[in-house]
Amino acid sequence: MNRPLLWMLGSIVVLGLLITTMAGVNFSSQTTSADGQPPIVLYCAASNRAVMEAIRERYQDEYNREIQIQYGPSQTLLSSVDVSGAGDLFLPADDSYLKLAKQKGLIREILPIADMQVVVAVRRQDADNIQSLDDLLSDSVKLVQASPETAAVGKLVQQTLQQSGQWDDVSGATVAYRATVTEVASDIVVGAADAGFVYDAVLHTYPDLVAVELPALKPAVSRVAVGVIDQSKHPTAALHFARYVSAKDRGLIQYDQQGFRTAGHDVWADVPELSVFAGSMLRPAIEDTIAAFESREGVTVNRVYNGCGILVAQMQAGQHPDAYFACDQEFMNQVHDLFPQPVQVSQNELVILVQKGNPHNIGSLKDLAREGLRVGIGHEKQCAMGWITQNTFREGGVQEEIMPNVTVQTPTGDMLVNQLQTGSLDAAVAYLSNAAGAGEFLDAVQITGIECSTAVQPWAVNKESSHPETASRLFQKICSAESQEIFAAEGFRWRLESDEIR
């Protein structure tokens with residue numbers, strides 16, 4: 001059969017699958033579970049069928065909620081999500097489809113699951129005959145592939161071999177293209193083909209076939225993940241099932257048994273509880289975002305806001321949160337053993353806060369040394385703000401002059417703002433963000449020429465957290481465009497690049 005005809009037939013198959021998939025979703029959306037709850041609709045790659053059926057059975061027994069699954073080629077499923085706008089979850093064979101779907105605005109959260117390696121599948125008795133990519137080019141070998149236009153494995157093989165300059169030869173030796181990876185394996189089982197490219201995990205359900213790993217295919221690894229569809233009408237329920245699938249003591253047990261390569265991930269909890277420590281100054285920037293995350297995910301986030309010196313002391317005494325959002329890098333460094341991979345998210349500047357109209361005509365740090373002024377600052381041992389303030393005083397050469405005027409040292413900046421508003425202070429050194437909500441009462445005088453007066457806020461997840469993926473999704477929510485707008489409104493500057501978000 002000539003190549004153009006093969007591609008034409010493949011296109012007809014893809015169209016038929018797309019129509020079937022969309023029809024199935026439309027039908028399922030009209031049904032409900034036995035307990036009256038609407039079912040969760042999952043678009044799932046054919047390569048994950050065996051493992052997903054086992055997970056679905058266990059989940060439905062445990063939670064009495066129906067999961068309806070449409071299986072098919074990854075590209076066809078993506079087209080269904082795009083065209084229909086229906087469904088709750090999308091699980092392709094490779095996360096490149098999820099990245100594409102996210103770019104299109106079709107997907108919100110993404111939960112990683114496992115890896116699959118591309119191998120050559122052959123019948124057990126033929127394994128010795130295929131030891132290299134060149135062996136597949138022999139006229140005596142009938143080679144089949146999954147279509148790069150529809151299936152993740154086909155696209156991955158094409159991309160990998162194009163990079164090594166071997167694709168044209170392999171494509172020329174291919175006798176047929178199939179819509180899914182399971183069709184490739186079935187062809188080999190029945191003798192319609194001698195060899196084909198498949199994922200190693202797929203062969204778990206084909207005992208008569210063996211995998212041959214070739215050096216040329218070593219880079220061909222698919223990362224399996226599940227995404228929550230943006231238009232899902234049941235996002236909290238969808239996330240519940242997605243967490244179940246990706247939990248190392250629930251769904252990943254099945255993935256391990258089916259030959260997938262898994263690592264890390266969360267411990268299962270019906271309602272996960274995250275513990276987050278954060279510097280007090282960050283509260284107005286993140287509180288609403290955390291509350292929205294709790295509502296959508298169906299989780300509980302126990303947050304503790306305080307001066308970072310106090311938080312560090314609590315952690316050193318044995319309280320280990322899942323995540324820590326520090327007011328400055330120095331207070332992350334002090335617990336580096338718990339949080340080895342921090343990322344710098346935002347920055348905040350120290351300013352001199354004065355009453356509206358600046359009645360004492362304060363223009364610089366030196367002015368705070370004037371006789372009779374009542375000055376408030378942060379406590380050096382209890383908060384990052386106080387520690388940075390003392391460094392700023394020292395670098396500016398004014399520490400000895402100002403400190404006799406300091407009447408108050410507090411663990412948080414908002415306490416200084418309150419005392420300024422009541423008139424018990426004439427000036428305070430605090431963060432610009434502390435004045436964000438008090439513009440009608442206070443003015444801010446910039447501190448110039450002293451680099452250490454800028455604090456940098458890092459975020460990190462505890463290396464021993466039981467819910468690292470949930471904490472990671474919370475961080476992604478904190479890094480969203482909507483959240484960045486809140487940071488800006490509260491006086492912070494955003495500094496994290498998008499490729500650093502994880």
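## Contacts of Q254

Leaving aside neighbours within four places in sequence, Q254 is in contact with V51, A54 and I55. Q254 belongs to helix α9, which covers residues 251-257. Is Q254 buried or exposed? Q254 counts as buried, because its relative accessibility is 16% and the cut-off for buried is under 20%.

The model is predicted. In this model, Q254 and A428 are 174 residues apart along the chain. Their C-alpha atoms are separated by 59 Å.

## The chain as a whole

The chain has 502 residues, and 54% of them count as buried. Its secondary structure comprises 17 helices and 19 strands. The C-alpha trace spans about 95 × 55 × 40 Å along its principal axes.

## Two nonpolar cores

In soluble globular proteins, nonpolar side chains tend to be buried together. Here the largest nonpolar core holds 88 residues. Which of its members touch the most other members? They are M52, F90, V120, F197, Y199 and Y255. Strand β4, residues 107-123, gives the most to this core, with 10 residues.

Another core lies apart from the largest one. This other core has 75 residues, including M315, V406, Y431 and V445.

## Cysteines

A disulfide is a covalent bond between the sulfur atoms of two cysteines. How many disulfides does the model contain, with a cut-off of 2.5 Å between the sulfur atoms? The count comes to zero. C327 is in no disulfide, and the nearest cysteine sulfur, that of C308, is 3.5 Å away.

C327 counts as buried, because its relative accessibility is 5%. C44 also counts as buried, at 0% relative accessibility.

## Cavities

Rolling a probe the size of a water molecule over the atoms shows where empty space is left. A search of the whole structure finds two cavities of 30 Å³ or more. The largest cavity has a volume of about 80 Å³. Its lining has 14 residues, and those closest to the centre are R243, S246, D266, T470 and R473. Helices α8 (235-246) and α16 (468-478) are the elements that give two or more residues to this lining. Of the elements, α16 gives the most, with three residues. By class, the lining of the largest cavity has six nonpolar, four polar and four charged residues.

The second largest cavity holds about 60 Å³ of space. It is lined by 13 residues, of which S74, A93, A151, A152 and V181 are closest to its centre. What classes of residue make up this lining? Nine are nonpolar, four are polar and none is charged.

## The second largest pocket

The second largest pocket has a volume of about 280 Å³. Its lining takes in 24 residues. Nearest the centre of this pocket lie S280, M281, G413, D414 and N434. By class, the lining has 12 nonpolar, nine polar and three charged residues.

Which element gives the most to the lining of this pocket? It is α15, with four residues. The elements that each supply at least two residues are α10 (283-297), β11 (300-306), α13 (384-396) and α15 (413-422).

## Positive phi in two loops

H265 is found in the loop between α9 and β10, where β10 covers residues 273-279. Its phi is near 80°, a positive value in a residue other than glycine. H265 counts as buried, because its relative accessibility is 11%.

N358 lies in the loop between β13 (343-355) and β14 (375-378). Phi of N358 is near 50°, again a positive value in a residue other than glycine. Is N358 buried or exposed? N358 is buried, because its relative accessible area is 16% and buried means under 20%.

Note on methods:
Residues are numbered from 1 along each chain as its sequence is written. This is a predicted model: local features need pLDDT of at least 70, side-chain atom pairs count only at pLDDT 80 or more; totals for chains, interfaces and linings use all residues. Side-chain values use heavy atoms; hydrogens and water are left out. A disulfide is a pair of cysteine sulfur atoms within 2.5 Å. Buried means under 20% relative accessible area, exposed over 50%, partly exposed in between (1.4 Å probe, protein chains only). A nonpolar core is a set of buried Ala, Val, Leu, Ile, Met, Phe, Trp, Tyr and Cys residues joined through side-chain atoms within 4.5 Å. On a 1 Å grid over the protein atoms alone, a cavity is a set of points where a 1.4 Å probe fits but cannot get out, and a pocket is an open set with protein on both sides within 12 Å along at least five of seven lines; lining residues have an atom within 4 Å of a point. Grid points are joined across faces, edges and corners, and a volume is the space filled by probe spheres set on the points. Ala, Val, Leu, Ile, Met, Phe, Trp, Tyr, Cys and Pro count as nonpolar, Asp, Glu, Lys and Arg as charged, and the others, Gly among them, as polar. Contact means heavy atoms within 4.5 Å.
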